[in-house]
Amino acid sequence: MDPEQKQFNEEAVEAVLDGDEEVPEMTERPKTKNKLMKRIGIVLFVILNAVVLFFIAKDAFSKEPPPMEPFSFANILFLLGGILCLVVVLGCETMKYILMMRHLGEKVSVRHAFSTAALGKYYDCLTPSGAGGQPFQIWYLHSQGYSGGAASAMPLSGFFTMQFGFAGLCLLMFTIFNGVMTEPGLKITAYVGAVAYLVVPVMIIISGYAPKIAMRIVAFFVKIGAFLHIVKDPQHAIIKSVKTLNSYSKNIKKIASNKRLLIKLLLLSLLFQTAMCSMPFFAIKTFGGSIGYFEALALCTFIQAAISLIPTPGNSGAAEGAFYIIFNTFWPTLMWRLLCYYSFIIIGVLIYGYTALLKLLERKKAKA
């Protein structure tokens with residue numbers, strides 16, 4: 001056994017899984033990452049993006065370039081269409097938070113709803129596998145005066161419905177436009193990625209209606225991880241996972257109790273994902289490319305599902321590479337990433353800058 005791997009108390013875990021004992025409070029291990037490591041990670045992330053874009057550009061410009069079409073009024077309209085997709089994306093997320101605030105009896109604030117949506121995407125873009133968005137949103141809502149239950153329920157419900165929204169889009173595109181994807185490797189990876197999208201939401205549903213089954217599924221996979229020496233403290237991992245699932249289930253039930261609200265959230269999530277996957281169409285048409293809307297939508301859905309398995313921030317590297325393989329064009333690739341990824345980072349920075357400016361003005365006003 002790995003000397004760092006903790007002993008596994010089978011009886012203690014079984015008691016928790018059977019419901020004979022309450023889930024104990026677990027002391028979190030101190031995080032080993034320091035500020036220096038985080039900065040190194042950001043630098044490596046920037047370098048990765050730069051290297052991928054360099055090789056894509058090198059490949060694109062090594063060929064005989066096609067004659068450049070004049071940038072016409074139609075190109076500008078398509079550019080505005082891409083920007084409109086971004087507006088729809090943020091609008092859908094903002095509306096979801098407004099609806100949830102109203103349902104939970106909390107104060108309804110468009111500013112807080114927008115900031116929660118935009119900054120959640122900002123942290124999704126900066127953290128591996130998009131893991132930072134929901135924790136930040138929970139903290140942000142709580143810091144703005146929302147109750148602990150509501151602050152947890154809203155981001156988790158937003159995430160839950162978002163996953164199902166993308167799965168729904170995948171089901172539509174894979175069924176109706178399956179033939180547009182001609183790369184077998186990407187197609188198979190997309191199928192796997194679409195199924196993976198449903199793992200967490202399905203586990204949350206199971207934990208709500210059959211908690212013991214959900215706990216045992218978690219325990220099964222954690223034990224496999226311990227056997228492979230991936231999980232060093234299986235008892236801690238199982239109990240922590242059970243506690244997290246219980247929390248997710250409890251909070252989401254507050255939202256799901258209103259079926260009409262749940263349907264609205266799912267429809268807004270589906271519209272969000274459709275707008276995200278519509279961006280390639282407008283990016284390609286902006287630079288004079290020829291492609292049908294539903295073809296571009298389906299191809300982007302395949303790409304998004306396939307790269308969802310890549311744990312880099314914003315699926316960096318894989319996203320640009322996969323897009324270029326399918327569409328084989330540099331400038332639309334760059335514009336697509338600007339719309340669907342870098343724009344959220346820019347908006348997040350602007351929100352922080354605006355907030356810092358407001359605080360500075362308040363301090364000056366207080367001193368005057």
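A salt bridge is a side-chain nitrogen of Lys or Arg within 4 Å of a carboxyl oxygen of Asp or Glu. With that in hand, here are some views of this predicted model.

**View 1. A salt bridge between E93 and K96.** The side chains of E93 and K96 come together in a salt bridge, at 3.0 Å from N to O. By this rule, the count of salt bridges is 1. Side chains of opposite charge can pair when their charged atoms come close. The two residues are 3 apart in helix α3, so about one helical turn separates E93 from K96. An α-helix has 3.6 residues a turn, so residues three or four places apart point the same way. Both partners are buried: E93 has a relative accessible area of 7%, and K96 has 1%.

View 2. Stepping back, we find 13 helices and 0 strands. Of the 368 residues in the protein, 44% are buried. Take the contacts between residues at least 6 apart in sequence: 75% of these join residues at least 24 apart. The accessible surface comes to about 20,000 Å², and carbon and sulfur atoms account for 68% of it.

**View 3. Helix α11, largely enclosed.** This helix spans residues 293-307, with 15 residues in total. From first C-alpha to last, α11 reaches 21 Å, close to the 21 Å expected at 1.5 Å a residue. The rest of the structure largely encloses α11, because 12 of its 15 residues are buried. Among the buried residues are L297, C300, F302, I303 and I307.

View 4. Leaving aside residues up to four places away in sequence, I303 touches A322, F323, I326, F327 and W336.

Technical notes. Residues are numbered from 1 along each chain as its sequence is written. This is a predicted model: local features need pLDDT of at least 70, side-chain atom pairs count only at pLDDT 80 or more; totals for chains, interfaces and linings use all residues. Side-chain values use heavy atoms; hydrogens and water are left out. Helices (H or I, at least four residues) and strands (E, at least two) are DSSP runs, numbered from the N terminus. The expected span of a helix is 1.5 Å times one less than its number of residues. Buried means under 20% relative accessible area, exposed over 50%, partly exposed in between (1.4 Å probe, protein chains only). Contact means heavy atoms within 4.5 Å. Accessible areas come from the Shrake-Rupley method with a 1.4 Å probe; for residues, only the protein chains shown count as cover.
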